[in-house]
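Here are some questions on charged side-chain pairs. Look at the model before reading the answers.

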Amino acid sequence: MRSIPTDLLRAFVTIVDLRSYTRAGEQLGRTQPAISLQMKKLQELLGVSLFTKEGGVQITERGELVAGYARQILALNDEMMLKLSSRDSKGKLRLGIPNDYADHFLPKLMSTLARDGVEMTFDVVCDISHNLLDGLRRGLFDIVVAMTPDGPSEGAFMTWKEPLTWVGAKDFPFETIPRNPLRIVCYPEGCLYRRNMLTALQRDGRNFEIVYTSPSLSGLEAAVGAGFGVTVLARRIIPSALRTIESARDFPRLADVVVGIYVAPDRKRSAVAQSFAARFADMFVAGHVDPMAE
């Protein structure tokens, strides 16, 4: 019976998720040729073709089968390492994450960890991405989820592009919104949603007035939901009480942001942090259809 090394399976799954050998290599700390050699070795061990003959990263029917089993194997591997490592690290993980990501994703993650019997404690800090990355560099966090404007910051464990959209109240008549000035609800200075929104308005010559700021997603939701103004959020984490505003309303086009998972380089805590980051990455990819690719 042949045994398949988990590093080969992780490389394969990473290629599938990121749709790029190069991006997979960057995430895993390997060159593109090294990733290609790993895929050649994996296919030799399995005795099947994982990718179509047309080239690229399109997987075959058997490749889809292998990807499904690979995810299960890696999940068990990471869970084992997480439980073993947590004992050495006293079971505490320091996590920094933007407020809206915490509201949307942490309940799902915590319920999964509770279901799997993971024994850990968490210190969670919600802040704007610039402050979180600075805290990671100063050793205040084990893992940070952060947004950057033009590309990932150094040392990203995983990155993907997050589309932004204009958001308003669910039942608000947008045809009554005056073109000038546009009433803006937003996070405080330093937030990339705010920066992208104001840059787009200035680029298109739109007059605007910031009428409400709040550091919390619930604060923005309350103001926008009451029709006090409009805001910008990541498309896939819009609260149920709000809705996207169609581009036909002459709202400026918004640039995407880059979201990354970053792991502290502390070797004593790297095993537990890497295992937890892998779980987090799987959750983000599972709920996202546009990972960064070339």
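What follows is a set of questions and answers on salt bridges in this predicted model.

Q: How many salt bridges does a search of the whole structure find?
A: Side chains of opposite charge can pair when their charged atoms come close. The search covers the whole structure. The count of salt bridges is 6.

Q: Which residue meets R71 in a salt bridge, side chain to side chain?
A: R71 sits in helix α4 (residues 61-88). Its partner is in helix α1 (residues 6-18), 54 residues apart from R71. The N to O distance is 2.6 Å. The partner is D17.

Q: Is D17 buried or exposed?
A: The cut-off for buried is under 20% relative accessible area. D17 has 12% relative accessibility, whereas R71, at 34%, counts as partly exposed. Because 12% falls under that cut-off, D17 is buried.

Q: How many residues apart in sequence are the parts tied together by D142 and R94?
A: The two side chains meet in a salt bridge at 2.9 Å, N to O. D142 lies in the loop between α6 (129-137) and β3 (143-148). R94 lies in strand β1 (residues 92-97), so the pair ties together parts of the chain separated by 48 residues.

Q: What is the relative accessible area of D142?
A: R94, its salt-bridge partner, is partly exposed at 24%. D142 is buried. Its relative accessible area is 2%.

Q: Where does R236 lie?
A: R236 and E162 form a salt bridge through their side chains (3.1 Å, N to O). Both residues are buried. E162 is in strand β4 (residues 156-162), 74 residues apart from R236. R236 lies in the loop between β8 (231-234) and β9 (242-244).

Technical notes:
Residues numbered from 1 in each chain as written. Predicted model: local features only at pLDDT ≥ 70, side-chain atom pairs only at ≥ 80, totals over all residues. Heavy atoms only, no water. Salt bridge = Lys/Arg side-chain N within 4 Å of Asp/Glu carboxyl O. Helix = DSSP H or I, 4+ residues; strand = E, 2+ residues; numbered from the N terminus. Buried < 20%, exposed > 50% of the residue type's maximum accessible area, 1.4 Å probe, protein only.
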